[in-house]
Amino acid sequence: MVKFCPECGGDLKMDSSTRNFICKSCGLYASRDKIEELKDKSQISSSESRQRTHDDYLDWWQSSKKEKQRN
Ligand SMILES: [Zn+2]
C-alpha cells in the first residue's frame, strides 16, 4: 500500500471512484502502477547519489593520503 507521494513525500489520498492516487501536497495524480514506477525511480536515483558521495569521499581520502606521503 502506497502512503506517501514519490515526488514530494506528502500524504496520498486514494480516489475511490477512479482508484487513482492524489497527492494533497503537490497535486500529483497517478494510478497505483504509476506511483510504484515513480517510487522505484526515486529509490534508484537516491542510491546513485549515495554512491557518488562515497566515491567523492574515497577520492578525498586517497588524495589526502598522498599528501601525507609527500611530507
Ligand atoms: Zn506530492
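This passage describes the fold, the confidence and selected residue surroundings of one protein chain.

The structure is a predicted model, in which local features need pLDDT of at least 70 and side-chain atom pairs count only at pLDDT 80 or more, while totals for chains, interfaces and linings use all residues. Residues are numbered from 1 along each chain as its sequence is written.

The mean pLDDT, the predictor's confidence in each residue from 0 to 100, is 84 for the protein chain, and 85% of the residues reach 70 or more. Confidence is highest in β2, at 95, and lowest in helix α1 (residues 32-70), at a mean of 79.

Of the 71 residues, 8% count as buried; a residue is buried if 20 or more other C-beta atoms lie within 10 Å of its own, exposed if 12 or fewer, and partly exposed in between, with C-beta atoms placed from the backbone. The largest nonpolar core has five residues in all, namely Cys5, Leu12, Phe21, Cys23 and Ile35. Such a core is a set of buried Ala, Val, Leu, Ile, Met, Phe, Trp, Tyr and Cys residues joined through C-beta atoms within 7 Å.

Contacts were assigned to pairs of residues whose C-beta atoms, placed from the backbone, lie within 7 Å. Among contacts between residues at least 6 apart in sequence, 20% join residues at least 24 apart. With neighbours within four places in sequence left aside, cysteine 5 is in contact with Gly10, Leu12, Cys23, Ser25, Cys26 and Leu28.

Leucine 28 lies in the loop between β2 (20-23) and β3 (29-31). This leucine is partly exposed, because 19 other C-beta atoms are within 10 Å. Residues up to four places away in sequence not being counted, leucine 28 touches Cys5, Glu7 and Cys23. The C-alpha atoms of leucine 28 and glutamate 7 are separated by 7.8 Å, the two residues being 21 residues apart along the chain.

Phenylalanine 4 belongs to the segment before β1 (12-15). Phenylalanine 4 is also partly exposed, with 14 other C-beta atoms within 10 Å. Its contacts, not counting residues up to four places away in sequence, are with Gly9, Gly10, Asp11 and Leu12. A separation of 9.9 Å was computed between the C-alpha atoms of phenylalanine 4 and lysine 24, which are 20 residues apart along the chain.

Key
Helix = DSSP H or I, 4+ residues; strand = E, 2+ residues; numbered from the N terminus. Contact = placed C-beta atoms within 7 Å.
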